Amino acid sequence: MKQILIDYTLHLADNSLILGQRNAEWCGHGPVLEQDIAITNISLDLIGQARNFYQYAASLIGNDATEDSLAYLRKEEEFKNCLLVEQPKSDWAQTILRQFFFSQYQYLLFQKMQNSKDGQLAAIAEKSLKEVTYHLRWSSEWVIRLGDATEESHNRILKAIDELWQYTGELFETSSYELQVANDGTGIDASKLKEQWMTKVKEIFSEATLTIPGKTLMQTGGKEGNHTEHLASIFTELQYMQKTYPGCEW
Amino acid sequence: MVDGFMKVHAIDKEAIYSYLEEINDPEVPVLSIIDLGIVRDVKMNDEELEVIITPTYTGCPAMDMITATIKIQLATLGFKKVKVTQILSPAWTTEWMSDEGKRKLKEYGIAPPNPKQQVCDQKLFAAAEAVQCPHCNSYHTHRISEFGSTACKALYQCDDCKEPFDYFKCH
């Protein structure tokens, strides 16, 4: 049972770390200074969440595991993040849309997880929810702004929907470990969040003059360690130092 | 002498809080960690002094430095064993910032947090909070960005004196 809780905690940590890393790629490249600061602030919050989850996972694993060994030394197939978060940051529209999809998901997830039977997961969820509320509001406003503005911005967000929609199904696909933690009351069965998520996305899309795509073949596998080629490219930056100079410190 | 020292401190929570008051937040150095409201408790477990702190924001990079400073500061005062524990729940709120802290912030040029909790307002494109300019006290200010130089601040500008300023956002 302990291994299941470890897997679930790592899944939560990996989602936050990988999206935090992707968003950090905007540092110094944002469309305007204020939004550059906004997306990197969100990145910092996500990496903070990841640290809390990794520290907890490390305490469950014991031995020599640390937050650093879990983030920097695990292999690609050991990462349990969803495919959505590892996709390239692409243009601003794609970054915004991905953040919106993910923040809406995290918002619903952490609301439920606050009541987890596991005290530490509940505490991390309670803490993170305050910040995710900002992320959700900010990204919702940007989806509306881009969708309902110029032809250029509208077309860009249409292209982003086309690219990203196929990765949204996996968020609500229940993995083996999610099913088990949901059963014992420590975790959340993500499939239970789908309906509410869809309602909220429809609401924002309609204000943004966008429509939800029809039936789409959903890409999955990330939660079980089967990733797209993009995760490996993240590791060339994220894990480079620790792999080249094992144990190096600031 | 060290023994006498230990006995006094073992029972005197207030004294320990006063030592912690000497430690500043590295990112907003005008505030002590007591002003900020991040020290949640101080305990004496046998020979070990435990200081319990909570982060302002999840990703606050200052926490590691604050932890190290607490240990060093208390060690120099003669505490041989000091443990710093971080807790996340209940989650920190700007309601825990002291009035003294708010006064110091304003004097430093950062608008202190408004008293009402507004973080949960999910209304999109909502009007920004009315924030008082720390320089000329005008309420004619506008928000430039919800995110600022650190996780805990937002960027504002005064429409009267035209000075841009940081707002320690309510959270």
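β6(B) and β7(B) form a hairpin with five residues between the strands. In that turn, Lys162(B) has a positive phi of about 70 degrees. The model is a predicted one: local features need pLDDT of at least 70, side-chain atom pairs count only at pLDDT 80 or more, and totals for chains, interfaces and linings use all residues. Residues are numbered from 1 along each chain as its sequence is written, while chains are lettered from A and ligands numbered from 1 in the order in which they are written.

**Strands of chain B**

Strand β6 (residues 153-158) of chain B pairs with strand β7 (residues 164-168) of chain B in the antiparallel sense, over five bridges. Strands here are DSSP runs of E with at least two residues, helices are runs of H or I with at least four, and both are numbered from the N terminus. Two strands pair if DSSP finds at least two bridges between them. Strands of a sheet pair through backbone hydrogen bonds, either parallel or antiparallel.

Gln157(B) stands opposite Pro164(B) in β7(B). Leu155(B) has Asp166(B) as its bridge partner in β7(B). Leu155(B) of β6(B) is also the bridge partner of Ser145(B). β5(B) and β6(B) run antiparallel and are joined by four bridges.

These strands belong to an open sheet of four strands, in the order β4-β7-β6-β5 (chain B), with mixed pairing. β4 (110-111) and β5 (141-145) of chain B stand at the edges, each with a single partner strand, so one side of each is left without a neighbour in the sheet.

Another hairpin joins β1(B) and β2(B), with two residues between the strands. There, Asp46(B) takes a positive phi near 50 degrees. Strand β1 (residues 39-45) of chain B and strand β2 (residues 48-53) of chain B run antiparallel, joined by six bridges. Asp41(B) stands opposite Ile52(B) in β2(B).

**Domains of chain B**

Chain B is divided into domain 1 (2-86) and domain 2 (97-168). The bounds come from an automatic or database domain assignment. Twelve residues from domain 1 of chain B and eleven residues from domain 2 of chain B make the contact between them. Two residues are in contact if their C-beta atoms, placed from the backbone, lie within 7 Å. The domain 1 side divides into seven nonpolar, three polar and two charged residues. Ala, Val, Leu, Ile, Met, Phe, Trp, Tyr, Cys and Pro count as nonpolar, Asp, Glu, Lys and Arg as charged, and the others, Gly among them, as polar.

| Helix pair | Angle | Axes |
|---|---|---|
| α5(A) and α7(A) | about 55 degrees | 8 Å apart |
| α5(A) and α6(A) | about 145 degrees | 7 Å apart |
| α2(A) and α6(A) | roughly 170 degrees | within 11 Å |

Axes are lines fitted to C-alpha atoms, for helices over the stretch in contact, and angles run from 0 to 180 degrees between N-to-C directions.

Helix α5 (residues 92-113) of chain A packs on helix α7 (residues 151-164) of chain A at about 55 degrees. That makes α5(A) oblique to α7(A). Angles under 35 degrees count as roughly parallel, over 145 as roughly antiparallel, 65 to 115 as roughly perpendicular and the rest as oblique. The crossing of α5(A) and α7(A) is right-handed. A crossing is left-handed if the near helix is turned anticlockwise from the far one by less than a right angle, and right-handed if clockwise. Residues in this contact include Leu97(A) and Phe101(A) of α5(A), with Ile157(A) and Ile161(A) of α7(A). By class, the contact has seven nonpolar, two polar and three charged residues.

α5(A) passes α6(A) in a left-handed crossing. Their contact holds 16 nonpolar, ten polar and no charged residues.

For α2(A) and α6(A), the axes cross at roughly 170 degrees. That makes α2(A) roughly antiparallel to α6(A). The crossing is left-handed. Among the contact residues are Phe53(A) and Tyr56(A) of α2(A), and His135(A) and Trp138(A) of α6(A). The classes are six nonpolar, five polar and two charged.

**Where the chains meet**

The contact between the chains takes 25 residues from chain A and 19 residues from chain B. On the side of chain A that touches chain B, α2 (33-61) and α6 (119-147) each supply at least two residues. The largest share, 15 residues, comes from α6(A). By class, that side of chain A has ten nonpolar, seven polar and eight charged residues.
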